Amino acid sequence: MPRRRIYDPLTELLAAVLLVVLVLVVNRWEFSLAVLVLGVLPAVLLSGRPRQIGLAIALVTGPLLVSSLLLHGLFFPEGRTVLADLGIARVTAEGLSFAALMGLRMGVFSGVLLTAAMTLDVPELLASMTHRGWNRKLVFVVGSAVGLIPHVALRGQRITRAQQARGLVVGRGPLSRFRALLTVLTPLVIGLLVDASERNRMLEARGFSSPGVRTSYLPDTDSPRQRLVRRCMVAAVAVFSTVWLVASP
Amino acid sequence: MSSLTLAPTARQRPRRLLIGLGGALIAATYLFLVTVQPVEIAGGVGSAASLVTLFGFLGGGALLVGGILPMLSTSSLVVMPLGIALNIAIGQIAGSLGMQIYLDAIGTVLVAVLAGPAAGAATGALSNAIWGLFNPFALPFAAGAALIGLLAGLAARYGAFRRVYLAPAAGLVVGAVGGLVAAPVAVFMFGAAGTFGTNAIIAVFRSMGDKLLVAATKQGLLSDSLDKIVVFVIVALIVYALPPRAVRQFPFARTHRVLGQRTASEPAGGPAATVRGDGAGIA
């Protein structure tokens, strides 16, 4: 069951971004591990969708972690402490340490941002942006794109099935695949452009490009206290980062 | 400037300033990372380099979008979500067809060809920003994606899509530039971690003793150039297959005769009459 939203989406997104910034500033595996265990893990468990978010993090981060471990674990010419010599590849302590540091950083990066994004209510975020006075063209593009992605994917699947029913066979060669992609993409793009053309006329007829204040149909979930908290969070991270970077050797 | 071209208004000047600042920030970040920052990778990539990468490229991309969006016409704006959704969805289609390259810039290049370099740049940057909601690793590459959109639009403006054999040449150049810009982001943010295929190429260069940034740059030059050659050819073939009416609704494609003879002829009282005043010069 989805959790009850307490904070404004902008506050949650900003908190996630600032956590990533802190991990980059501190740049130590111990801190990254602490953020993963004490921050990301409880957030995922309390999100109301732990299975979906955990799976998404594993699918997005897993292949990158494995390829990073193979790359730096086996090919790290700067490494001096050789643990195993495999001919052209050498396993070095420095390479493994670098892979661990980068792996933890990537884990925090994807864990924090995916948890924030997957618990996000996009219409609420767009309403919050509108209430805060963000550029309405930006709000339109973001909202339309997020809404269009599943529509485009579905239409693409339908066209693929229709072309396959008409005899499309994807061979192993790159030319055959290229041709197959074109037979799907061309009708897909033409259909989407026709839709866009109609949307253009409708928006213009409703005064989209005219200046003036817009009305949001969703209530503002932001509050003066949250705005103050956001400013304080940014100031605290900025001060901490400056002190840390100046003080660290 | 012709006598009919209006001088920039007071409202447009700050926007152009934002675009200039964004471009300068991205260029300065790249120069800093490549020339000033010592790349002694053994002790880690350093927090300063990672922070500069994140804020320089993301901040530059945000400034570009902030400057470009208010200047875009409605016809350019409505096609941008289409490009963004195509970028993300085509990856899935390519995967289902067994393609081995990502093709994640088809939407960006398509928008750039139809609506111009500014719309292309904004589509590229926003595409990666929105993709970041599903795959956070795409987020820091937003500035590189914006650059690809910008260059694709400029290539279209100067005739790269008027003949099908010119498109791959333009793709090669744009891909090389994109690969150069993406390499420091991959190195300083994620230690050059990528797919198994791209990391295998980096591993080859690393086994020859190259530094990580050099190896990632060489890989970027190879992979991105090949990817953009394919993307540019696909987009060229798609836009050639579009009905002329669909192309002529875009003032940029019409004004600059992006597709040559295909968009040159315009029937009297045709679609151009319905979209007049859409800011072809801006987009």
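**Close-up 1. How helix 6 of chain B crosses helix 7 of chain B.** In this predicted model, helix 6 of chain B (residues 142-157) goes past helix 7 of chain B in a right-handed crossing. The angle between the two is about 160°, and their axes sit 9 Å apart. Angles over 145 degrees count as roughly antiparallel, so that's what we call this pair.

**Close-up 2. Who touches whom between helix 6 and helix 7 of chain B.** On the helix 6 side, look for G144(B), L147(B), I148(B), L151(B), A152(B) and A155(B). Helix 7 answers with A170(B), V174(B), V177(B), G178(B) and V181(B). Sort this contact by class and you get nine nonpolar residues, two polar ones and no charged ones. Here's a handy rule for reading such lists: an α-helix has 3.6 residues a turn, so residues three or four places apart point the same way.

**Close-up 3. Helix 7 of chain B from end to end.** How far apart are the end C-alpha atoms of helix 7 of chain B? They are 35 Å apart, which agrees with the 36 Å that its 25 residues (166-190) should span at 1.5 Å a residue. Along the way, the helix bends by about 25° at A182(B), and a proline, P184(B), follows within four residues. Just after the helix comes G191(B), with a positive phi of about 60°.

**Close-up 4. A helix pair in chain A.** Over in chain A, helix 5 (residues 122-131) packs against helix 6 (residues 136-165) at about 175°, with axes 10 Å apart. That makes these two roughly antiparallel as well. V122(A), L126(A), M129(A) and T130(A) of helix 5 meet L138(A), V139(A), V142(A), G143(A) and V146(A) of helix 6. Seven residues in this contact are nonpolar, two are polar and none are charged.

Note on methods. Residues numbered from 1 in each chain as written. Chains lettered and ligands numbered in written order. Predicted model: local features only at pLDDT ≥ 70, side-chain atom pairs only at ≥ 80, totals over all residues. Heavy atoms only, no water. Expected span 1.5 Å × (residues − 1). Bend = angle between axes of the 7 residues up to and from the residue. Axes fitted to C-alpha atoms, helices over the stretch in contact; angles between N-to-C directions. Parallel < 35°, antiparallel > 145°, perpendicular 65-115°, else oblique. Left-handed = near helix turned anticlockwise from the far one by under 90°. Contact = heavy atoms within 4.5 Å. Nonpolar A, V, L, I, M, F, W, Y, C, P; charged D, E, K, R; others polar.
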